[in-house]
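Please look over the sequence and the structure shown here before reading on.

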Amino acid sequence: MTQHVSTPDSATGSAAGIPAHLRDDVDRLKAEVAALHGELTANELVVWTAGNVSARVPGADLMVIKPSGVAYADLTAENMVVTDLFGTLVEGDFAPSSDTAAHAYVYRHMDHIGGVVHTHSTYATAWAARGEAIPCVLTMMADEFGGEIPVGPFALIGDDSIGQGIVQTLSGSRSPAVLMQNHGPFTVGRDARAAVKAAVLCEEVARTVHISRQLGAPLPIGQEQIDSLYNRYQNVYGQY
C-alpha cells in the first residue's frame, strides 16, 4: 500500500518530510539517480543541462529527480531533490527539473513504472520533429520495444500536458519509449536503470533506421516474428 507523505513547511524542503522507514530507500535512489545521469552524458544523449532521470520511491507517493538547470558534472546524490507525485518539493535545496510535472503524471497513472527518462538525443529527436514513429525494422527494436516507437502529441512544458501525452500514447503499447512531437523522447521502465537503457537503445535504433532509409527502404519484420523476438528477449535472454 502506498504511503502518503506530507510536505514540509519550508520552501526548500526538509529531511523531516521523509519518514524514517523510507530514509534508506530515498538515499539509495538519490545516489542511483545521480549516477545514472552520467550514463546520459556517456552515451551522448544530452547537452548542457537538458534531460533528466527520475525514480519512484517504492511504497510512497514520492520520486527522486534531477534539480533544474544544474550542470551534469555538478550532479551528486546530495543535490538530487525529492517531490511528491504532484511535483511538490519534499526534500532538497534546489528547484526540481522543469519536466517534474510530466514525470509525476506518469507515476500517478502507470503504477508499474519505477523510472522515467527524458533526453533530446539527436536522432530520436529528429524523428520527433517529423512527428514520425520509428518503424520496427530491426531485431533490437522487436526485442526492447516490441514494435515501433510511437509518436506522442505536441504539448508545452509547464504543466502535466506532456505526461498526459506519454500515458495516452504508451497505454496499450509494449514500447518503453515515446517520441513527443517536436520535443524529444521520453522512456519508462520498471526502475530508473531500465528507463535509461531504453533511452540509450531508442537513440541507437533511431540513428540506425535513419541511416538505413538513406540507403533505401528498410525491410519490415512481420508481426509474428516481432512477437517471438520480444517474448524471447523479455522472458529468456540474460541471467535472470
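## Salt bridges across the chain

Asp160 is partly exposed, with a relative accessible area of 23%. In this predicted model, Asp160 forms a salt bridge with Arg108, and the closest N and O atoms of the two are 3.5 Å apart. The pair links distant parts of the chain, since Arg108 belongs to helix α2 whereas Asp160 lies in the loop between β6 and α5, 52 residues apart. Arg108 is likewise partly exposed, at a relative accessible area of 24%.

The count of salt bridges comes to 12. One of them joins the side chains of Arg213 and Glu132, at 2.6 Å from N to O, and this pair also links distant parts of the chain, with Arg213 in helix α6 (residues 192-215) and Glu132 in the loop between α3 (122-130) and α4 (139-145), 81 residues apart. Arg213 counts as partly exposed at 32% relative accessibility, and Glu132 counts as partly exposed at 26%. Glu144 forms a salt bridge with Lys197, the closest N and O atoms lying 3.4 Å apart; here helix α4, which holds Glu144, is linked to helix α6, which holds Lys197, across 53 residues. Glu144 counts as buried at 9% relative accessibility, whereas Lys197 is partly exposed at 36%. A network of salt bridges links Arg23, Asp27, Lys30 and Glu91.

## The sheet

Eight strands form an open sheet in the order β4-β3-β2-β1-β5-β8-β7-β6, and their pairing is mixed. The edges are taken by β4 (89-91) and β6 (151-152), each of which has a single partner strand, so one side of each is left without a neighbour in the sheet. Helix α5 (residues 161-170) packs on this sheet, where it touches β6, β7 (177-180) and β8 (184-189), and its direction makes about 130° with that of β7.

Within the sheet, strand β1 (residues 52-56) and strand β2 (residues 62-65) run antiparallel and are joined by 3 bridges. Ser54 stands opposite Ile65 in β2.

Of the 10 residues of α5, 7 are buried, so the helix is largely enclosed by the rest of the structure. The buried residues are Ile162, Gly163, Gly165, Ile166, Val167, Thr169 and Leu170, and what covers them includes α2 (100-109), β6, β7 and β8. After α5 comes Gly172, whose phi is positive, near 85°.

Which side chain of opposite charge is nearest to Asp84? Asp84, placed in strand β3 (residues 81-84), is buried yet has no salt bridge, and the nearest side chain of opposite charge, that of Arg108, is 7.0 Å away. A polar atom of the Asp84 side chain lies 2.8 Å from the backbone nitrogen of Phe86, and the backbone nitrogen of Gly87 lies 3.0 Å from a polar atom of that side chain.

Leu75 lies in the loop between β2 and β3. Leu75 is buried because its relative accessible area is 11%, and buried means under 20%. Leaving aside residues up to four places away in sequence, Leu75 touches His37, Lys66, Pro67, Val70 and Met80.

Terms used. Residues numbered from 1 in each chain as written. Predicted model: local features only at pLDDT ≥ 70, side-chain atom pairs only at ≥ 80, totals over all residues. Heavy atoms only, no water. Helix = DSSP H or I, 4+ residues; strand = E, 2+ residues; numbered from the N terminus. Buried < 20%, exposed > 50% of the residue type's maximum accessible area, 1.4 Å probe, protein only. Lys, Arg positive; Asp, Glu negative; His and termini not counted. Salt bridge = Lys/Arg side-chain N within 4 Å of Asp/Glu carboxyl O. Polar contact = N/O pair within 3.5 Å; in protein donor to acceptor, adjacent residues only side chain to side chain. Pairing = 2+ DSSP bridges. Contact = heavy atoms within 4.5 Å. Axes fitted to C-alpha atoms, helices over the stretch in contact; angles between N-to-C directions.
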